[in-house]
Protein chains: 2
Amino acid sequence: MPRPQSHERPYHHGDLRRAIVASALELLRETRSLEFSLRELARRAGVSHNAPYKHFADKRELLAAVSGAGFEMLTKLMASEMARLSDPREQLFAMLRAYIDHGVGNPALYTLMFGGYLGSPDHSRPAIELAEAEKAKGLLAGVISAGALGRAIPHSPRNEQKIAGAILACWSLVHGLTLLLVDGLVGPNKKAGALVDSLVQGMLDGLSTKLPTLPPGTWVGPQAPYR
Amino acid sequence: MPRPQSHERPYHHGDLRRAIVASALELLRETRSLEFSLRELARRAGVSHNAPYKHFADKRELLAAVSGAGFEMLTKLMASEMARLSDPREQLFAMLRAYIDHGVGNPALYTLMFGGYLGSPDHSRPAIELAEAEKAKGLLAGVISAGALGRAIPHSPRNEQKIAGAILACWSLVHGLTLLLVDGLVGPNKKAGALVDSLVQGMLDGLSTKLPTLPPGTWVGPQAPYR
DNA sequence: ACTGAATGTTGACGTTGCCAACTTCCGTAG
DNA sequence: CTACGGAAGTTGGCAACGTCAACATTCAGT
């Protein structure tokens, strides 16, 4: 009398963790909202409302994993865009466009990644996220170091600070623009590609001639936020 | 038998709406987290858990009001910083610094304002917010139009597009940088002022010589987001 | 074959956002 | 002056949520 149906629902899901993260990504994309419940994810995966706790200590931890997956997608996207080109300058542009597309194409995910959900109480981002975010930034840094600024500013120890400045400037610009687009504070965003092109173009030209030197003690990378 | 205490708790609070928004701002600043409950606010105001519903239809509406208050504070801050200077260029720098300070000094509020909490289902920001955000942007636009780009690009119909580009670039840069600082993805942020100075400096110099022309059809201002 | 660790389930608790019905108070029309 | 209608606040209830504790099932290694 056990098993009226044959091999339905084998008690152990097999790969719940992945299934849950996948469902979360799906939900984010579909609903464009980040207010989904842990229980809903469990339902979608066809398990009980408490099963996820065997894989995530917290809802927070779940969100961190989802965010991490988002960063992973982002780096993959940027890397593949970049791989099709050889000129560093063009690579840079392609990457930045990909960055924006990723954000605009999946606003809820982007908001989760950068919206500061995590790091509320102890204001520290989960390690998973930081690692993935670092990779994304590394791509940017690589291309810029490789000469996206033109040969006026070659990559040398002497230019370290200036290059760091350029990286930060690019990242900030693109990050901010993406958020503004996603928020609908600026538009229309059909032409986001062309938009960022012209902005970055102008900025890079400026940076190449008169690059900002970051104040000493500033570095581009993660650390304890606030204060 | 009514009124054992004298005139304690006069049943009608007097100015609940304001009190609630104030409490919310306080909570945001204190806890640096945006996960507070409507009921908690009611408790703080010394009213029942349902009183707020006489002033806000929704929690969303409450949050929108708080966000609006945040924009109001922001414009006030920027305006007062600006008023103490006369050179447009210096005004611009002061404003941008103020913008960043506002965000870094109150991360939870900033995240609420720009984190895309609102606009989930129908993806439209509450009107109150949009209006306030427009004012903030207006200040920026004013200063830039007034000549912050130097006399190479005076304010004339011919330069309309270029000026719009500069506004967008500045806003994006500062917005993105603020978020990165708040998120702790970049640091340390003690020197945020100097940081933005050098970045904007470089960018403006670049923009002044070779200003991006925005693709036709792009405008800087709110509209329906996504897609 | 036995056992311990993974993994999933059931049931419960406190809290939350919101709804409905009731009460208290104030301004104002008659 | 009084009656009354609506604004503002209260009480109680509901379903859903995040989380905890206890229990069930399965798998892996001896």
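Helix 3 of chain B and helix 4 of chain B cross in a right-handed way. The model is predicted. Chain A has 8 helices and 0 strands. DNA strand C has 20 residues around it, and DNA strand D has 20 as well.

**Helices 3 and 4 of chain B**

- Two packed helices are described by the angle between their axes and by the distance between those axes.
- For helix 3 (residues 59-83) and helix 4 (residues 88-105) of chain B, the angle is about 145° and the axes are 8 Å apart.
- On the helix 3 side of chain B, the residues in the contact are Met73(B), Leu74(B), Leu77(B), Met78(B), Glu81(B) and Met82(B).
- They meet Gln91(B), Ala94(B), Met95(B), Ala98(B), Tyr99(B) and His102(B) of helix 4 of chain B.
- By class, this contact between helix 3 and helix 4 of chain B holds 9 nonpolar, 2 polar and 1 charged residues.
- An α-helix has 3.6 residues a turn, so residues three or four places apart point the same way.

**Chain A as a whole**

- Read from the N terminus, the elements of chain A follow the order α-α-α-α-α-α-α-α.
- Chain A has 227 residues, of which 47% are buried.
- Among contacts in chain A with a separation of 6 or more, 73% join residues 24 or more positions apart.

**Helix 6 of chain A**

- Helix 6 (residues 127-148) of chain A has 22 residues, which should span 32 Å at 1.5 Å a residue; the end C-alpha atoms are 30 Å apart, in agreement with that figure.
- Buried residues in helix 6 of chain A include Glu129(A), Glu132(A), Lys137(A), Leu139(A), Leu140(A), Val143(A) and Ile144(A).
- Ala133(A), Ala136(A), Ala141(A) and Ala148(A) are also among the buried residues of this helix.
- The cover over the buried residues of helix 6 of chain A includes helix 3 (59-83), helix 4 (88-105) and helix 7 (160-183) of chain A.

**Helix 7 of chain B**

- Helix 7 (residues 160-183) of chain B contains 24 residues.
- From its first C-alpha to its last, helix 7 of chain B reaches 34 Å, close to the 34 Å expected at 1.5 Å a residue.
- Of the 24 residues in helix 7 of chain B, 22 are buried, so this helix is largely enclosed by the rest of the structure.
- Gly184(B) follows helix 7 of chain B and has a positive phi, near 75°.

**Surfaces near the DNA strands**

- Among the residues around DNA strand C, those that come nearest are His13(A), Val47(A), Ser48(A), Asn50(A) and Leu38(B).
- Helix 2 (residues 38-45) of chain B gives the most to the surface near DNA strand C, with 3 residues.
- The surface near DNA strand C has 6 nonpolar, 9 polar and 5 charged residues.
- Around DNA strand D, the nearest residues are Leu38(A), His13(B), Val47(B), Ser48(B) and Asn50(B).
- Helix 2 (residues 38-45) of chain A supplies the largest share of the surface near DNA strand D, 3 residues.
- By class, the surface near DNA strand D has 6 nonpolar, 9 polar and 5 charged residues.

**Loop residues**

- Arg32(A) lies in the loop between helix 1 (16-31) and helix 2 of chain A.
- Arg32(A) is not a glycine, yet its phi is positive, about 55°.
- Arg32(A) has 21 other C-beta atoms within 10 Å and is therefore buried.
- In chain B, the loop between helix 1 (16-31) and helix 2 holds Arg32(B).
- Arg32(B), although not a glycine, has a positive phi of about 55°, and Arg32(B) is buried, with 21 other C-beta atoms within 10 Å.
- Pro52(B) sits in the loop between helix 2 and helix 3 of chain B.
- Pro52(B) counts as buried because it has 22 C-beta neighbours inside 10 Å.
- Leaving aside neighbours within four places in sequence, Pro52(B) is in contact with Ile20(B), Leu38(B), Leu41(B), Ala42(B) and Leu62(B).

**Ser145(B)**

- Ser145(B) belongs to helix 6 (residues 127-148) of chain B.
- With 18 C-beta neighbours inside 10 Å, Ser145(B) counts as partly exposed.
- Not counting residues up to four places away in sequence, Ser145(B) touches His155(B) and Ile163(B).
- Ser145(B) and Asp87(B) are 58 residues apart in sequence and 12 Å apart in space, C-alpha to C-alpha.

Technical notes: Residues are numbered from 1 along each chain as its sequence is written. Chains are lettered from A and ligands numbered from 1 in the order in which they are written. This is a predicted model: local features need pLDDT of at least 70, side-chain atom pairs count only at pLDDT 80 or more; totals for chains, interfaces and linings use all residues. A residue is near a molecule or strand if its C-beta atom, placed from the backbone, lies within 6 Å of it. Helices (H or I, at least four residues) and strands (E, at least two) are DSSP runs, numbered from the N terminus. Ala, Val, Leu, Ile, Met, Phe, Trp, Tyr, Cys and Pro count as nonpolar, Asp, Glu, Lys and Arg as charged, and the others, Gly among them, as polar. The expected span of a helix is 1.5 Å times one less than its number of residues. A residue is buried if 20 or more other C-beta atoms lie within 10 Å of its own, exposed if 12 or fewer, and partly exposed in between; C-beta atoms are placed from the backbone. Axes are lines fitted to C-alpha atoms, for helices over the stretch in contact, and angles run from 0 to 180 degrees between N-to-C directions. A crossing is left-handed if the near helix is turned anticlockwise from the far one by less than a right angle, and right-handed if clockwise. Two residues are in contact if their C-beta atoms, placed from the backbone, lie within 7 Å.
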